[in-house]
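The structure is shown first.

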Amino acid sequence: MSQRQVLQVFEQYQKARTQFVQMVAEMATRPQNIETLQNAGVISMLRPLLLDVVPTVQQTRFYEKAAAFVLRAVAKHSSQLAQAVVDCGALDTLVICLEDFDPGVKEAVAWAVGYIARHNAELSQAVVDAGAVPLLVLCIQEPEIALKRIAASALSDISKHSPELAQTVVDAGAIAHLAQMILNPDAKLKHQVLSALSQVAKHSVDLAEMVVEAEIFPVVLTCLKDKDEYVKKNASTLIREIAKHTPELSQLIVNAGGVAAVIDCIGSCKGNVRLPGIMTLGYVAAHSENLAMAVIISKGVPQLSVCLSEEPEDHIKAAAARALGQIGRHTPEHARAVAVTNTLPVLLSLYMSTESSEDLQVKILFS
């Protein structure tokens, strides 16, 4: 055989591989194909392509992105399928690709890693053990906005399951970098950044204090006025996850003007976007007489009363009823501040209504 004929065999092989990856990636976009692909051993077939060296850089990048896309499509459907990705060694290979110089490859890989971590603490721990966290922290420092978004989302998915996993993210230096992006003009990035900080802060006083020490106040309060509803909701959620822990953290929020800002935010939106803000007022007021009075002085009671009357969903009404109860329970003066808004007849009507959920009735009974 001539040299040309020999090379043609290799060219045909590369074309066949390219066609295979393209077809698998196309099939993976349809959820009904995932189980069949997994049963056919697609994960173990794709793993070598992530590390493969082919004659052109373009082909290598194509293989890596396509393979990461398919692994992401498989992993997102269930914890069992995500575990299969881990068990065959593909996670370790994905993490190696987080060091690639091509931001498109890193984005595709970070997405896949996030989908694996999303399911449960065990899979998140596997992602941590594979060494993904420091590389994801490097990814949020890259200039590409899309890469920043996906890396921040993956860090959020890792942090949410336990204090230990959140501590791993903190120890990798993520908090300072995330906090610096709170005022980034890209709404989708802010959405992910605020989510990641919330998932860290929710677990313990120590972790909440670490988030606060990154100087997120008062800058995070500007997000409560954002045009994007998801940014508003996630900013309110972050403030809620900090306020719930201690009177001192709630007082810090009050001192930064946070309670007034949350009340304004509640007044500017509807539905579930309001919910974390309503809960924040309840958490703040529950801690002490003085903090409850701070909510009253900031005109929180009339706004909560509006939510109680306006909102059609029982779970939002229940949160408003609970917050009003936390404000009014401290002293006769606090109770009077709730009573003068004519809230009590509304609460009684909702309690007596056969259409009210059991949770709403319980919240009213103990408010």
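Arg149 is found in helix α10. The model that places it there is a predicted one. With a relative accessible area of 24%, Arg149 is partly exposed.

**Helix α13**

Helix α13 covers residues 187-201, which makes 15 residues. From the first C-alpha to the last it reaches 21 Å, close to the 21 Å expected at 1.5 Å a residue. Of these 15 residues, 12 are buried, so α13 is largely enclosed by the rest of the structure. The buried set includes Leu189, Val193, Leu194, Leu197 and Val200.

**Salt bridges**

Side chains of opposite charge can pair when their charged atoms come close. With a cut-off of 4 Å between a side-chain nitrogen of Lys or Arg and a carboxyl oxygen of Asp or Glu, the count comes to 11 salt bridges. Three of them are listed here.

| Pair | N to O distance | Relative accessible area |
|---|---|---|
| Lys106 and Glu142 | 3.0 Å | Lys106 7%, Glu142 24% |
| Arg240 and Glu241 | 2.8 Å | Arg240 15%, Glu241 8% |
| Arg274 and Glu311 | 2.7 Å | Arg274 2%, Glu311 4% |

Lys106 and Glu142 meet through their side chains at 3.0 Å, N to O. This pair links distant parts of the chain, 36 residues apart: Lys106 sits in helix α7 (residues 103-118), and Glu142 in the loop between α9 (132-139) and α10 (145-159). Lys106 is buried, at 7% relative accessible area, whereas Glu142 is partly exposed at 24%.

In the pair of Arg240 and Glu241, the side chains meet at 2.8 Å, N to O. Buried means under 20% relative accessible area. Arg240, at 15%, therefore counts as buried, and Glu241 counts as buried at 8%.

The salt bridge between Arg274 and Glu311 has an N to O distance of 2.7 Å. Arg274 lies in the loop between α18 (258-268) and α19 (275-287), and Glu311 in the loop between α21 (300-310) and α22 (314-328), so the pair ties together parts that are 37 residues apart in sequence. Arg274 is buried, with a relative accessible area of 2%, and Glu311 is buried at 4%. Through shared partners, salt bridges join Lys270, Arg274, Glu310 and Glu311 into one network.

Which residues form the negative surface patch? They are Asp206, Glu209, Glu213 and Glu248. Helix α14 (residues 205-213) gives the most to this patch, with three residues. Asp206 has its place in that helix.

The loop between α14 and α15 (219-222) contains Pro218. The peptide bond leading from Phe217 to Pro218 is cis, with omega near 5°. Glu215 is found in the loop between α14 and α15 as well. Its phi is near 60°, a positive value in a residue other than glycine. Is Glu215 buried or exposed? With a relative accessible area of 63%, Glu215 is exposed.

**Other loop positions**

Lys299 also has a positive phi, near 70°, in a residue other than glycine. Lys299 is found in the loop between α20 (289-297) and α21. With a relative accessible area of 58%, Lys299 is exposed.

Ser357 has its place in the loop between α24 (343-352) and α25 (358-365). At 28% relative accessibility, Ser357 counts as partly exposed. The C-alpha atoms of Ser357 and Ala318 are separated by 9.0 Å, and the two residues are 39 residues apart along the chain.

Methods:
Residues numbered from 1 in each chain as written. Predicted model: local features only at pLDDT ≥ 70, side-chain atom pairs only at ≥ 80, totals over all residues. Heavy atoms only, no water. Patch = residues over 30% accessible without salt bridge, like charges linked within 9 Å, V, L, I, M, F, W, Y side chains within 5 Å. Areas by Shrake-Rupley, 256 points an atom, 1.4 Å probe, with all protein chains shown as cover. Lys, Arg positive; Asp, Glu negative; His and termini not counted. Charge placed at Lys NZ, Arg CZ, Asp CG, Glu CD. Helix = DSSP H or I, 4+ residues; strand = E, 2+ residues; numbered from the N terminus. Expected span 1.5 Å × (residues − 1). Buried < 20%, exposed > 50% of the residue type's maximum accessible area, 1.4 Å probe, protein only.
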